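This briefing covers one protein chain, taken by topic. Please read it alongside the sequence and the structure shown here.

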Amino acid sequence: MRAELRSLCDWYNSARTRPSTTPYRLAAELQQRFISIHPFDHDYNGRSSRLLMNWALEREGLPPSAVADFDKDLFSTTEEWTEAVRAGSDAFAARAARLERLGDDADPITVFDLEHERERYLACHQTLRENPAQSLHIPGHKHDIHAHRALLEQLRGNRKAEAGSLGSQPDPG
């Protein structure tokens with residue numbers, strides 16, 4: 001294990017000096033190589049690999065990467081992962097700028113650009129509040145799979161699902 005980690009460090013130090021290596025590719029490949037070594041027995045491999053990735057980015061003066069789906073690291077080519085890391089770094093920079101602009105009174109919904117999701121959640125909540133008979137779960141009754149699916153579609157923002165069609169009263173169990 002020690003030899004593999006030493007080899008990783010040697011690779012990084014060598015790759016960093018090559019003019020053809022971009023900081024995003026270097027960070028992405030460092031993360032992929034570290035997670036492939038998997039130096040810890042049970043846990044912390046993914047988190048440690050992402051810390052190394054972000055360390056490499058910040059070392060080059062770039063924002064850390066808030067990768068959208070970090071489970072794709074080993075299932076992507078280095079080129080694909082490099083683009084995911086770049087996009088995550090851009091997303092982090094945009095959030096940091098938004099937070100700076102909004103100041104101390106920043107609302108997390110605004111900082112993370114979640115207004116659309118919040119509106120969908122509030123609409124679903126309001127529908128259930130106005131129509132308690134359409135509640136998705138009544139103790140002692142069977143669940144209505146159609147009502148659950150309709151609510152899921154509404155939460156996902158599927159315009160085909162109508163706000164008032166959350167299903168009928170479940171049959172007693």
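The protein chain has 7 helices and 0 strands, where helices (H or I, at least four residues) and strands (E, at least two) are DSSP runs, numbered from the N terminus. The model is predicted: local features need pLDDT of at least 70 and side-chain atom pairs count only at pLDDT 80 or more, while totals for chains, interfaces and linings use all residues. Residues are numbered from 1 along each chain as its sequence is written, and side-chain values use heavy atoms, with hydrogens and water left out.

**Overall make-up**

- From the N terminus on, the order of elements is α-α-α-α-α-α-α.
- Of the 173 residues in the protein chain, 30% are buried; buried means under 20% relative accessible area, exposed over 50%, and partly exposed in between (1.4 Å probe, protein chains only).
- The accessible surface of the protein chain comes to about 11,600 Å², and carbon and sulfur atoms account for 53% of this surface. Accessible areas come from the Shrake-Rupley method with a 1.4 Å probe, and for residues only the protein chains shown count as cover.
- Among contacts between residues at least 6 apart in sequence, 54% join residues at least 24 apart; a contact means heavy atoms within 4.5 Å.

**Nonpolar core**

- The largest nonpolar core has 17 residues, and Leu8, Trp11, Tyr12, Leu30 and Val85 touch the most other members. Such a core is a set of buried Ala, Val, Leu, Ile, Met, Phe, Trp, Tyr and Cys residues joined through side-chain atoms within 4.5 Å.
- At least two residues of this core come from each of α1, α2, α3 and α4.
- The most is given by α2, with 7 residues.
- Leaving aside neighbours within four places in sequence, Trp11 is in contact with Leu26, Glu29, Leu30 and Arg33.

**Helix α2**

- The 15 residues of α2 should span 21 Å at 1.5 Å a residue, and the end C-alpha atoms are 21 Å apart, which agrees. The expected span is 1.5 Å times one less than the number of residues in the helix.
- Helix α2 is mostly covered, with 11 of its 15 residues buried; among them are Tyr24, Ala28, Leu30, Phe34 and Ile37.
- These buried residues pack against α1, α3 and α4.
- Arg33 lies in α2 and is partly exposed, because its relative accessible area is 33%.
- Not counting residues up to four places away in sequence, Arg33 touches Leu8 and Trp11.
- Arg33 and Ser49 are 16 residues apart along the chain, and their C-alpha atoms are separated by 8.6 Å.
- His38 follows α2 and has a positive phi, near 50°.

**Helix α3**

- Helix α3 (residues 45-59) also has 15 residues; at 1.5 Å a residue these should span 21 Å, which agrees with the 21 Å between its end C-alpha atoms.
- The buried residues of α3 include Asn45, Ser49, Arg50, Met53 and Leu57.
- They pack against α1 (2-17), α2 (23-37) and α4 (78-102).
- Just after α3, Gly61 takes a positive phi of about 85°.

**Aromatic rings**

- There are 2 aromatic pairs, counted where rings of Phe, Tyr and Trp (its six-membered ring) have centres within 6.5 Å; planes under 30 degrees apart count as stacked, over 60 as edge-to-face and the rest as tilted.
- Tyr12 and Trp55 form a tilted pair, 5.5 Å centre to centre and with 40° between the planes.
- This pair links distant parts of the chain, since Tyr12 is in α1 and Trp55 in α3, 43 residues apart.
- Tyr12 counts as buried because its relative accessibility is 4%, whereas Trp55, at 40%, is partly exposed.
- The charged end of Arg50 sits over the ring of Phe70, 3.9 Å from its centre; the rule requires NZ of Lys or CZ of Arg within 6 Å of the ring centre and within 35 degrees of the ring normal.

- Thr82 is in helix α4 and counts as buried, at 5% relative accessibility.
- Not counting residues up to four places away in sequence, Thr82 touches Tyr24, Arg25 and Ala28.
- Leu155 is in helix α7 (residues 145-156) and is partly exposed, at 34% relative accessibility.
- Leaving aside neighbours within four places in sequence, Leu155 is in contact with Arg120, Tyr121 and Cys124.
- Leu155 and Tyr121 are 34 residues apart in sequence and 6.3 Å apart in space, C-alpha to C-alpha.
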